[in-house]
Structure formats: structure tokens, C-alpha cells
Amino acid sequence: MSTLEKVVVHPLVLLSVVDHYNRIDKVSSQKRVVGCLLGSMSKGVLDVSNSFAVPFDEDDKDSDVYFLDHDYLESMYNMFKKVNAKEKVVGWYHTGPKLHPNDIKINELIRNYCPNSVLVIINAKPKDIGLPTDAYIAVEEVHDDGTPTTRTFDHVKSEIGAEEAEEVGVEHLLRDIKDMTTGTLSQNLTTQVAALKSLSSKLRDISVYLGQVSEAKLPINHPIIYQLQDVFNLLPNLNIPEVAKAFTVKTNDQNLVMYTASIIRAVIALHSLINNKTTNRAAEKDIGVKPKVEVEKDEKEEKDNKEDSNKRETKI
């Protein structure tokens with residue numbers, strides 16, 4: 001089997017997990033739910049295309065006390081296999097939102113059905129902006145002091161992916177949520193704001209991690225330090241006057257385009273308003289309806305004529 005490089009979670013799995021969590025949350029005080037993941041592996045990419053819930057319960061105070069219904073899992077998998085034989089058991093999920101002490105033990109149980117079991121934590125109630133999924137695979141951890149190896153989880157890259165049919169379904173679900181009256185510019189700005197908030201959250205996590213490493217609360221992980229060094233090396237040096245000037249000019253150009261577009265939009269709206277009034281006035285003339293100003297003028301003349309006639313009758 002090839003080395004796992006990435007886990008792709010389909011929208012159907014996300015919807016199924018959220019539905020599972022909401023149903024259990026209404027009738028139980030259980031903090032997380034557990035289920036089985038189905039999919040296939042190809043060229044280092046694990047495609048998680050389906051899932052089903054599994055009855056699960058645990059003791060909040062004692063992580064060694066938990067229950068996972070094996071018979072239910074086997075029965076459900078046999079029924080799914082009759083529908084689509086290509087989908088195999090590839091791992092399991094829970095709604096976390098973090099790793100639990102007994103996850104390694106549960107993972108060992110799932111390995112009876114899938115030797116290379118993958119754990120995907122799906123946050124059913126995300127508070128931060130970003131992907132609600134985190135994927136892990138169990139690996140052997142070698143200790144420097146010569147003690148026996150232990151199994152631990154290693155993080156794997158994950159993303160949300162969909163086939164064409166799923167994309168159409170998701171678009172139908174989001175049709176009532178998205179505001180179709182907004183323009184592309186506002187949508188791009190909203191996306192950029194969300195991306196910046198996500199970036200800020202990641203930077204805070206990096207800062208906390210480096211702080212704990214410097215205080216010797218966490219061991220030094222050299223691959224992580226190397227990746228952070230690569231990120232810092234890719235950052236532009238804003239202390240160079242030419243680079244700062246280039247950023248300023250680019251920002252001013254973008255603001256000028258936005259300002260000009262807003263003025264044009266306002267002018268077009270006023271022009272449409274004038275055209276609408278002109279069209280309505282022409283339509284009223286065509287059907288013989290006098291404009292409001294002319295109607296008021298005729299009423300005033302009629303009133304004056306009536307007063308003059310009353311005055312003449314009084315004199316007579």
C-alpha cells in the first residue's frame with residue numbers, strides 16, 4: 001500500500017456526521033459521536049466518500065471505559081458492501097473537537113477491519129474559520145531513552161473535495177443561503193476577510209507553540225521548525241523602501257478602482273431612476289392619465305372658477 005499523503009473528505013460525509021451529531025445531541029448528553037468511514041485509496045490519496053454512524057458511549061471520568069458496537073458495525077458494513085463493493089472501511093471519525101485519550105485504543109479496534117485505519121476528527125460546531133476536519137494516522141513512536149515504542153497519532157493533510165454530482169447538490173443546498181444580489185467584488189472581499197481571520201488564528205497557534213517550546217514545555221520538533229523557517233524565508237522584506245513603495249502603489253491602485261466603481265454604480269442607479277420616471281410619465285400620457293402636477297393645476301383652476309361664480313351670484 002502506498003504512503004498516505006492526503007485525505008479528501010466528501011460533502012456527503014460532512015452532512016452525515018453533522019446529522020448524526022445533531023440527532024444524538026437532542027436525546028443524550030454525549031459530547032461526541034463516533035462512526036465508520038468508507039472510501040478508497042489511490043496514489044497516496046485517501047478518498048472518503050461515505051460514512052455511517054456506530055453506537056458509542058464512554059465515561060467522561062474514566063477514558064478506559066467505553067462501548068463500541070462491533071456487531072452493528074459489521075452488519076452495516078456488509079449491507080453497504082452489497083450496494084457498492086468498491087467502498088471499503090478506511091477508518092473512523094468522531095466529532096472531537098480534539099483528540100481523546102482513548103482514541104488509540106478505539107483505533108486499534110477499527111484496525112481489525114482496516115489495517116491502516118485513519119482517524120478524521122470532524123468538528124460539528126466549528127467556532128474558528130477554516131476546514132472542520134483534521135486527519136490522523138497511527139504510527140510507532142520511538143523513545144530516545146530506550147523504552148518500548150508506543151503508538152501515537154501523526155497528523156495528515158486533509159481537504160474537502162467533491163465530484164460533479166456532489167457539487168451540484170451542494171450548490172442547490174446553498175442557493176437559499178447565498179445572497180445572489182451581491183456582486184463579485186463584495187463576495188471576493190468577504191472571502192478575503194475570512195482568509196485573513198483564518199491566517200490570524202494560525203499565526204496565534206504558531207506563536208503559542210513556539211512559546212511553549214522556548215519554555216521547554218514541549219519538545220523541539222525539527223520538521224515543524226524547518227517548515228516555519230521556510231515560511232519566514234518566503235515573507236517579503238518590507239524594510240526595503242522599493243518593496244514598501246510597490247505595496248503602497250498597488251494598494252492605492254486597487255482603492256482607486258473600488259472608488260471609481262462605486263461612483264459609476266451610483267450614477268447608473270440615478271440614471272435608471274430618471275429613466276423610470278420618464279417612462280412612467282410617457283405611459284400615463286399614452287393612456288390619457290394626466291400627471292399629478294397637471295391634475296392639481298386643473299383642480300385649482302376649477303376651484304377659482306367656482307369662487308368667481310359664487311361672487312357674481314352674491315353681487316346679483
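Lys6 and Glu159 form a salt bridge, with their closest N and O atoms 3.6 Å apart; the term covers a side-chain nitrogen of Lys or Arg within 4 Å of a carboxyl oxygen of Asp or Glu. Because Lys6 sits in strand S1 (residues 6-9) and Glu159 in strand S9 (residues 150-160), this pair ties together parts that are 153 residues apart in sequence. Strands here are DSSP runs of E with at least two residues, and helices are runs of H or I with at least four, each numbered from the N terminus.

Lys6 is partly exposed at 22% relative accessibility, and Glu159 is partly exposed at 27%. Buried means under 20% relative accessible area, exposed over 50%, and partly exposed in between (1.4 Å probe, protein chains only).

## How to read the model

This is a predicted model, in which local features need pLDDT of at least 70, side-chain atom pairs count only at pLDDT 80 or more, and totals for chains, interfaces and linings use all residues. Residues are numbered from 1 along each chain as its sequence is written, and side-chain values use heavy atoms, leaving out hydrogens and water.

## Other salt bridges

The count comes to nine salt bridges. One of them joins Arg23 and Asp19 at 2.9 Å, N to O; both residues lie in helix H1 (residues 11-27), four residues apart, about one turn of the helix. Lys217 and Glu215 also meet in a salt bridge, at 3.3 Å, and Lys217 is exposed, at 59% relative accessible area. Salt bridges with shared partners link Glu108, Arg111, Glu140 and Arg151 into one network.
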